[in-house]
Amino acid sequence: MAGSLSEIKAKILSTEKTSKITSAMRMVSSAKLVKAEQAAKDYQVYAAKIRQITTDFLKTELTSGSDNPMLASRPIKKTGYIVITSDKGLVGGYNAKLLKAVLELIADYHEPNADDYSIISIGSIGSDFFKTRGLPVCFEMRGLEDQPSFDQVSRIISQSVEMYKEEFFDELYVCYNHHVNSLTSQVRVQKMLPLSDLVAEEATDEGVTGFDLEPSREAILEQLLPQYTESLIYGAIVDAKTAEHAAGMTAMQTATDNAEKVISDLTIQYNRARQTAITQEITEIVAGANALE
């Protein structure tokens, strides 16, 4: 019984240490989440303004139709998917549900072993997952910071847009987890190219249509449209990172709660075992005393 008591006590001490670790990790994820949510809010201000400027520039083209390659649809020979996962685990089902959705998407729209799609992977989990299954990863990025700056991701973003312009693929989607709140995220598959969600009705009367432009409108749009697309992709990365921190916080909170429950159950088990040992000792003493009478 002594050995059993010592084993239970060792399990309690071990679980208490685990609980302290998971609790600390929850607090770290919570702090990261606050910063990520603020970054996402700041991005929304920028995104709204650049969308307004872009729509004002494109008002005429959106009304009459445009042959700009960033706007015009072309025959789909190949599709590009940017998939944003985490670089580390301990984030609950954050990666699993996204990768499952991507596999289902590929199965629905592409034949097995087909070469009509390509994956741009952001995050080590996704990169390793796709390579293990032999899926075509043409570009990847690992080691993304907790609060990624545009400079850090600009290379993979500009590379993605450039591959579309050079017709390496004819449409581009971003697959990621959209942050809803600290407990919920949703898998999103968002079309980035060609730009199809801009509408002329959003253009403002105070827009740029009444100004003389230098250089020409076409030259400005040639620079503006790729930058607008890059900002959308960056926004998806910021959103995905926010969802990742929320998932990490929730996972560590769940782990801490489970550890506390295990400690409670083990403590009850320990007390019962100790009471049984005490009762056994008393019984043996009484039996010995009766034997001497």
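Reader: What volume does the second largest pocket have?
Author: First, a caution: this is a predicted model, with local features needing pLDDT of at least 70 and side-chain atom pairs counting only at pLDDT 80 or more, while totals for chains, interfaces and linings use all residues. Residues are numbered from 1 along each chain as its sequence is written, and side-chain values use heavy atoms, leaving out hydrogens and water. A pocket is an open set of points on a 1 Å grid over the protein atoms alone where a 1.4 Å probe fits, with protein on both sides within 12 Å along at least five of seven lines. Its volume is the space filled by probe spheres set on the points, which are joined across faces, edges and corners, and for the second largest pocket that comes to about 360 Å³.

Reader: Which residues of its lining are closest to the centre of the second largest pocket?
Author: Lining residues have an atom within 4 Å of a pocket point. There are 17 of them here, and the closest to the centre are Lys32, Lys88, Gly89, Asp146 and Glu244.

Reader: Which element gives the most to the lining of the second largest pocket?
Author: Elements are DSSP runs numbered from the N terminus: helices (H or I, at least four residues) and strands (E, at least two). Helix 1 and helix 6 are the ones that give two or more residues to this lining. With five residues, the top giver is helix 6.

Reader: And what is the volume of the largest pocket?
Author: Helix 1 gives the most to the lining of this one, with eight residues. By class, its lining has ten nonpolar (Ala, Val, Leu, Ile, Met, Phe, Trp, Tyr, Cys and Pro), six charged (Asp, Glu, Lys and Arg) and six polar residues (the others, Gly among them). The volume of the largest pocket is about 420 Å³.

Reader: Why does Thr54 count as buried?
Author: Thr54 sits in helix 1, and its side chain reaches the backbone oxygen of Ile50 at 2.7 Å. Buried means under 20% relative accessible area, exposed over 50%, and partly exposed in between (1.4 Å probe, protein chains only). Thr54 counts as buried because its relative accessibility is 0%.

Reader: Which elements do the buried residues of helix 4 pack against?
Author: Helix 4 covers residues 124–132, and its buried residues are Ser124, Gly126, Ser127, Phe129 and Phe130. Contact here means heavy atoms within 4.5 Å. Their partners are strand 1 (79–84), helix 3 (94–109), strand 2 (117–122) and strand 3 (137–141).

Definitions and conventions:
A polar contact is a pair of N or O atoms within 3.5 Å; within protein, one must be able to donate a hydrogen and the other to accept it, and residues adjacent in sequence count only if both atoms are side-chain atoms.
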